[in-house]
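Me: I would like to learn how to read the features of a model like this one. Please take me through them in turn.

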Amino acid sequence: MASAKKKPVAKKKAPNAKAKAATPKKTHKIPARLMGKVIALPAKPVMKKKIKIDPAFQPLLKQLQHRRNEITGQVNHLEQDLREDIADNQNMPGDMADHGSGELNQHLSVTLMENDRVELERIEKAILRIEEGVYGQCEVCQKTIPMARLKAIPWATRCITCQSRAEGF
């Protein structure tokens with residue numbers, strides 16, 4: 001008979017005597033009066049590293065933070081107005097012109113909110129760039145963006161030359 005080659009069999013490891021026993025997870029009983037309710041828990045404090053911001057950029061940082069707060073307030077106000085307009089249009093019988101006017105106002109509010117969202121996104125990126133220490137540096141050529149440009153457009157990420165190229169001029 002031909003000799004058959006045997007495949008090596010993996011040996012089972014013996015259970016480790018020193019292995020830790022599974023510790024049961026701690027559970028907390030939730031009182032019946034709180035079941036199904038959303039409870040606000042205190043946020044854990046986030047320890048941020050102290051960031052040294054270039055003193056030349058401090059006024060721009062304050063300007064960006066102020067504008068961010070303005071936009072946030074505007075968006076909240078527009079959202080509230082939009083909800084009210086939608087509710088009024090649904091509950092109010094009227095002619096087609098009234099409904100068309102209401103829809104136009106809703107479209108305008110949505111457009112304004114979108115514009116604010118875009119500006120807010122740019123502002124957030126600029127604040128982050130200040131915190132990271134790369135604010136005022138062109139993201140394309142790495143040259144310094146002139147302070148006059150940053151004062152005019154504090155969320156600028158490109159120097160005038162690179163921005164002109166990006167816009168096709």
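Reply: Start with C138, which counts as buried at 0% relative accessibility. Buried means under 20% relative accessible area, exposed over 50%, and partly exposed in between (1.4 Å probe, protein chains only). This is a predicted model: local features need pLDDT of at least 70, side-chain atom pairs count only at pLDDT 80 or more, and totals for chains, interfaces and linings use all residues. Residues are numbered from 1 along each chain as its sequence is written, and side-chain values use heavy atoms, with hydrogens and water left out.

Me: Which cysteine sulfur is closest to that of C138, and how many disulfides does a search of the whole structure find?

Reply: A disulfide is a pair of cysteine sulfur atoms within 2.5 Å. The closest cysteine sulfur to that of C138 belongs to C141, and at 3.7 Å it is too far for a bond. C159 has C162 as its closest partner, sulfur to sulfur, at 3.6 Å, again too far for a bond. C159 is buried, with a relative accessible area of 9%. The search of the whole structure finds 0 disulfides.

Me: How many helices and strands does the protein have?

Reply: Helices (H or I, at least four residues) and strands (E, at least two) are DSSP runs, numbered from the N terminus. Here there are 4 helices and 0 strands. The order from the N terminus is α-α-α-α.

Me: How do I read the core?

Reply: In soluble globular proteins, nonpolar side chains tend to be buried together. A nonpolar core is a set of buried Ala, Val, Leu, Ile, Met, Phe, Trp, Tyr and Cys residues joined through side-chain atoms within 4.5 Å. The largest one here has 18 residues, and F57, L64, I130, Y135 and L150 have the most contacts inside it. The largest share, 5 residues, comes from α1. Across the protein, 18% of the 169 residues count as buried.

Me: Which residues does I130 touch?

Reply: Contact means heavy atoms within 4.5 Å. Leaving out residues up to four places away in sequence, I130 touches I53, L61, L64 and Y135. For the protein, take contacts between residues at least 6 apart in sequence: 55% of these join residues at least 24 apart.

Me: What lines the largest pocket?

Reply: On a 1 Å grid over the protein atoms alone, a pocket is an open set of points where a 1.4 Å probe fits, with protein on both sides within 12 Å along at least five of seven lines; lining residues have an atom within 4 Å of a point. The largest pocket is lined by R122, K125, L128, R129, E132, E139, I153, W155 and T157. That lining divides into 3 nonpolar, 1 polar and 5 charged residues. Ala, Val, Leu, Ile, Met, Phe, Trp, Tyr, Cys and Pro count as nonpolar, Asp, Glu, Lys and Arg as charged, and the others, Gly among them, as polar.

Me: Where is Q106, and is it buried or exposed?

Reply: Q106 sits in helix α2. Its relative accessibility is 16%, so Q106 counts as buried. Q106 and E84 are 22 residues apart in sequence and 9.9 Å apart in space, C-alpha to C-alpha.
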